[in-house]
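Please read the points below with the model open beside you, and check each one against the structure as you go. They begin with the meeting of two chains and then turn to the parts of one chain.

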Amino acid sequence: MHSNKYTVAYAAVLTAVVGSSLAIAVSGLKPRQERNALMANRRAILETVMDVNPQTLEVDYPALVTERVFDLAGQEVSGVEAFSLNLKDESHKPRAEQRLPLFVFSRDGVKRYIVPMQGAGLWGPIGAYLALEADLSTIYGVAFSHEKETPGLGAEIDRPLFEDRYKGKKIYDEDAKLEPVVVLRGSGNNTAGMPHAVDGLTGATITLSGVSQMFREELSRYDRIFASLRQSQ
Amino acid sequence: MSTQIQIPPNRTAPLFSKKQRKLLSDPIGDNNPITIQVLGICSALAITTQMRTSLVMALSVVFVLACSNVAISLLRKGIPERIRMIVQLMVVAGLVVLVDQVLKAFAYDISRQLSVYIGLIITNCIVMGRLEAFALSNRPWDALLDGIGNGVGYGAILMVVAFFREVFGAGTLFGYQVVPQAFYDAGYRNNGIMLTPAAAMFVIGIIIWIHRARKPKLVDIS
C-alpha cells in the first residue's frame, strides 16, 4: 500500500502533466480550428446560392457577398461586423439594441439575400442560412447546421435530401403577410401546392419542430427589415 | 544432466510470439469486445449509420485504446492502488480530448458529424475494461498489442454494421451512391428503419447469432 503522501503527490503530478500537455495541444490547434469554423460559415453562406469551390472560397466570398447589419426596425446600422454578432445573445437583448446580420449576394445583376438563423434542436443548437430570391419571399436555398443532433435522424437536416425540399417555397403569402415554412410530421407527405410546408423526416420529429420554430421566430424578427428592403428596391 | 543452455526468454523471444499473436487476433474473433463481451454497444448503435463516420470512430478508439494501454502499462508499478481508476480515467480522458481537438483541426466536417460520440469514448467500457483487465498487469508491448487488437475488433464490427445500415438505409457506401437509380425508378425505397439505432441492435444481434452458431464453444461464455 502506498502512503497518503505518495498518492496525493502522484495525483498532483499526473494532473499537471496531463493538464499542461492538453493545454499546449489545444492552444496550438486553436488557430486552425477557428479558421475551419470561419471558413465553414462562409462556405455555408455561399453554398446556399452557388456551387462552392473550396480552393477559391477565400477570394470568392469577399467579391460576391456584402455583409450588412440592421436593427429590428429595418434601419441599417454601420460599424458592426456581421460575423461578430452572436444571434442568440442578440435575441436576448432589449428590442432596440438587437442587431441582425444580413448577407447580400450579388453576381451578374442577380441578387439574393441570405438570412442566418439559430434555434434549438433535440440535443443542442441548430442553425441555418436561408437564401431568398430578390422578391424576399421565394426560397432559393437553405443550408442547415447542427452541433449534436442524432446521426442518421435529426442530423440529416444538413443533407441536400432535406434541404432541397425548401427550394421554391415561400415565406410570405399572397397578402404579403409573413407565413414561414413549416415542416410536416413524418416523411412521405405530398407537399405539392403547399408553398409554406415541406416534407419531414421519420424519427427526427423534435429536431424538425425546432426547425419550424426557428423559421417562425427568426423570420418574424426580419419582417421589418424585409419590408424596408422591399421599399428601397 | 542436461547441457541445454537456458536462453533468457526476453532476448530471443520473437517480436510476435504465439501468445502475442493471440493478443491481436482473439479480440477480433473469439473474444470480440462487442459480440462476445457485449461492451461498447452504445457508440456502436449511435454512429454506425455511415461507413465514413464509423471508420473515423474506429481509428479513434484504436488510437485511444493502444495509447492508454501502453501508458497505464508503463505506469503500472507506480500507480497508487487506491486511485488507480481515477488515474486510468485521466489518461483516457486526456487522450480522447486530444483526438477530439485534432479532428476539429484537421477533419472538421467529420468531427461535426461524430459530434458528442468522440467525447464519449471516455466512457466506452472497452477502454477501461482493457486497462483494468490487461494493462495493469502486463508489459507495454503486450499491452499495445492487446489495445490494437481490441480496438480493431471493435472497429471491425462497427464497419460491418455500418455497411449494412448505409447500404440499406441510404443506398450509399462511404457517401457514394451504390444502389443504382434504376432500382429507385422501379419502386425500390431506402429502408428508413436502418437509420435508427434499433436497426443496429438487430444487425449486431444477427452477427452475434451467426458468430455463435459457427463456433458453439462460445455459447456458454457469457
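1. In this predicted model, 24 residues of chain B are in contact with 24 residues of chain A, where contact is taken to be two C-beta atoms, placed from the backbone, lying within 7 Å. On the side of chain B that touches chain A, the elements giving two or more residues are helix 5 (84–106) and helix 6 (108–114) of chain B, and helix 5 of chain B gives the most, with 9 residues. Helices here are DSSP runs of H or I with at least four residues, and strands are runs of E with at least two, both numbered from the N terminus. By class, this side of chain B divides into 13 nonpolar, 8 polar and 3 charged residues; Ala, Val, Leu, Ile, Met, Phe, Trp, Tyr, Cys and Pro count as nonpolar, Asp, Glu, Lys and Arg as charged, and the others, Gly among them, as polar.

2. A note on conventions: residues are numbered from 1 along each chain as its sequence is written, and chains are lettered from A, with ligands numbered from 1, in the order in which they are written. As the model is predicted, local features need pLDDT of at least 70 and side-chain atom pairs count only at pLDDT 80 or more, whereas totals for chains, interfaces and linings use all residues.

3. Chain A has an open sheet of 6 strands in the order 2-1-3-4-5-6, with antiparallel pairing, and two strands are said to pair if DSSP finds at least two bridges between them. Its edge strands are strand 2 (76–77) and strand 6 of chain A, each of which pairs on one side only. Within the sheet, strand 1 (residues 65–71) and strand 3 (residues 99–107) of chain A run antiparallel and are joined by 7 bridges, and Arg68(A) has Leu102(A) in strand 3 of chain A as its bridge partner.

4. Helix 1 of chain A packs on this sheet, touching strand 1, strand 3, strand 4 (110–120), strand 5 and strand 6 of chain A, and its direction makes about 155° with that of strand 6 of chain A. Helix 5 (residues 205–232) of chain A lies across strand 1, strand 3, strand 4 and strand 5 of chain A, at about 125° to strand 4 of chain A. Such angles run from 0 to 180 degrees between N-to-C directions, and the axes are lines fitted to C-alpha atoms, for helices over the stretch in contact.

5. How do helix 1 and helix 2 of chain A lie, and at what angle do their axes cross? The axes of helix 1 (residues 4–47) and helix 2 (residues 57–64) of chain A come within 11 Å and cross at roughly 55°, so the two helices are oblique to each other; angles under 35 degrees count as roughly parallel, over 145 as roughly antiparallel, 65 to 115 as roughly perpendicular, and the rest as oblique. The contact is made by Met39(A), Arg42(A), Arg43(A) and Leu46(A) of helix 1 and by Leu57(A), Asp60(A) and Tyr61(A) of helix 2 of chain A, which by class gives 4 nonpolar, no polar and 3 charged residues.

6. Leu136(A), in the loop between strand 5 (125–132) and strand 6 (139–146) of chain A, has a positive phi of about 60° although it is not a glycine, and Leu136(A) is buried, with 20 other C-beta atoms within 10 Å. Ala176(A), which lies in the loop between helix 4 (160–163) and strand 7 (182–183) of chain A, also has a positive phi, near 60°, but Ala176(A) counts as exposed, with 12 C-beta neighbours inside 10 Å. The cut-offs are 20 or more other C-beta atoms within 10 Å for buried, 12 or fewer for exposed, and partly exposed in between.
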